[in-house]
Amino acid sequence: MIIYYNIVVNKKVPIGGIKLITKEQILSALKKVYDPELRRNVVDLGMVKNIEIEGDKVTVDINLTVKGCPLRDQIKNNAIKEISKIEGVSEVVVNIGAMTEEERQDLARRLKEEKKNLFENTRVIVVGSGKGGVGKSTVAVNLAVALSRLGFEVGLLDADILGSSVPRLLGIVGEKPYALDEHTVLPIERFGLKIISMGNFVDEDTPLIWRGPLLTGVIDQFFNEVLWGDLDYLVLDLPPGTGDIPLTVMQRLPEAKFVLVTTPQASASHVAGRIGHMAKKVNVEVIGIVENMSYFECPKCGERYNIFGEGETEKLAEALQTEVLARIPIVVKIRELSDEGIPPALDDTEEGAIYVELAEKIVEKVRPLRHEKEPLK
């Protein structure tokens, strides 16, 4: 049984009587209405199931992938808006229902047949660290948000399967990706990003006690079974260290570019060097280093304290033949916003500007394929 949601919009009948309205006009209007998750119009997705025209009144049935689709209001309002533009239409009724299981499977099959190889047209930025606790995931999340703010289509893949923190940093704890079938998953969308994380498939406090083969199998599924769509950048948050997943990712994505996150502390820098050298051994370019927790500036007196030392990151950059892309200070606001699931890079604040500047430097080094010859705005 399908439950429908009805919206009626009335407007004045044109002077001179009612103009004849055709189904072709309705379909043409609905081709401007997109499913935000699938990035296709509802006509091409086969969601338009019925069109009835009675004089100046138009009734349309649109079946979405699921009955409780969180974007149904946006889709039906857009449908009403576009149909109402047709001359002669004075009343629009949009009924929103849900596809049958057979229809969903057919849609999944068609989308998979059309799906391009993600890595043919997407620049992959791999963010890694030698050890945990240096703020790697915070950098990855805010870099992705900053790239999106610059106008690019961006995906964020959380490859830290056993220690995922991306859902909390983005405020999507408890949200579940939607699966069209057992091999076709739609990423979660937030802040202009497409996101996939193991943290959204299991309870946040549930430990995953998995060995290497299982972990790399999940990564393969994230690569091949998620409908990423057309991306300019895919930011990939690695687990810390030089284990199975970092090695697997770098071997399978030799065209990826590596960003190393560390702190100024000597012990952190030396450990970070290991994964940097691993990247070079498998021919993945290290495009730069982000020094996180670089310093603390007293908000009252303005004096700067190098709590974790200084100079080690420059030595590491020289050893890896790369550069220091950013120095991110210890700022209470960054921690507070991150705990609330609000990336600092969203806002035009001093904290947000740090990540936007980092994103701009990376874009200069690694231009998206469709923007390669365009100047950076």
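The structure is a predicted model, in which local features need pLDDT of at least 70 and side-chain atom pairs count only at pLDDT 80 or more, whereas totals for chains, interfaces and linings use all residues. Residues are numbered from 1 along each chain as its sequence is written, and side-chain values use heavy atoms, with hydrogens and water left out.

## Overall make-up

The protein has eleven helices and 18 strands, where helices (H or I, at least four residues) and strands (E, at least two) are DSSP runs numbered from the N terminus. Taken along the principal axes, the box filled by the C-alpha atoms is roughly 80 × 50 × 45 Å. Of the 377 residues, 51% count as buried; buried means under 20% relative accessible area, exposed means over 50%, and partly exposed lies in between, with a 1.4 Å probe and protein chains only. Contact here means heavy atoms within 4.5 Å, and among contacts between residues at least 6 apart in sequence, 77% join residues at least 24 apart.

## Helices α4 and α11

Helix α4 (residues 136-149) packs with helix α11 (residues 350-365) at an angle of about 75 degrees, and their axes are 8 Å apart. The axes are lines fitted to C-alpha atoms, for helices over the stretch in contact, and the angles run from 0 to 180 degrees between N-to-C directions. This angle makes α4 roughly perpendicular to α11, on a scale where under 35 degrees counts as roughly parallel, over 145 as roughly antiparallel, 65 to 115 as roughly perpendicular and the rest as oblique.

On the α4 side the contact is made by T138, V139, N142, L143, A146, L147 and R149, and on the α11 side by Y355, V356, L358, A359, I362 and V363. These residues divide into ten nonpolar, two polar and one charged, given that Ala, Val, Leu, Ile, Met, Phe, Trp, Tyr, Cys and Pro count as nonpolar, Asp, Glu, Lys and Arg as charged, and the others, Gly among them, as polar.

The buried residues of α11 are E351, G352, I354, Y355, V356, L358, A359, I362 and V363. The 16 residues of α11 should span 22 Å at 1.5 Å a residue, and the end C-alpha atoms are 23 Å apart, which agrees; the expected span is 1.5 Å times one less than the number of residues.

## Aromatic pairs

A search of the whole structure finds two aromatic pairs. Rings of Phe, Tyr and Trp (its six-membered ring) pair if their centres lie within 6.5 Å, and planes under 30 degrees apart count as stacked, over 60 as edge-to-face and the rest as tilted.

F152 and Y233 form an edge-to-face pair, with 5.4 Å from centre to centre and 85 degrees between the planes. This pair links distant parts of the chain, with F152 in the loop between α4 and β8 (154-158) and Y233 in strand β13 (residues 233-237), 81 residues apart. F152 counts as buried at 8% relative accessibility, and Y233 counts as buried at 0%.

The rings of F201 and F222 have centres 6.2 Å apart and planes at 25 degrees, so this pair is stacked. F201 lies in the loop between β12 (193-197) and α6 (212-224), while F222 lies in helix α6, 21 residues apart. F201 is partly exposed, with a relative accessible area of 35%, whereas F222 is buried, with 5%.

## Loop residues

| Residue | Relative accessible area | Class |
|---|---|---|
| V134 | 3% | buried |
| V173 | 40% | partly exposed |
| F191 | 27% | partly exposed |
| Q321 | 67% | exposed |

V134 is placed in the loop between β7 (123-129) and α4. Not counting residues up to four places away in sequence, V134 touches S129, V261, T262, T263, N292 and M293. The C-alpha atoms of V134 and P240 are separated by 9.4 Å, although these residues are 106 residues apart along the chain.

V173 is found in the loop between α5 (166-170) and β9 (178-181), and, with residues up to four places away in sequence not counted, V173 touches P167, R168 and E204. V173 and A256 are 83 residues apart in sequence and 28 Å apart in space, C-alpha to C-alpha.

F191, in the loop between β11 (188-190) and β12, has a phi near 55 degrees, a positive value in a residue other than glycine. Q321, which lies in the loop between α9 (312-320) and β18 (324-328), has a positive phi of about 55 degrees although Q321 is not a glycine.
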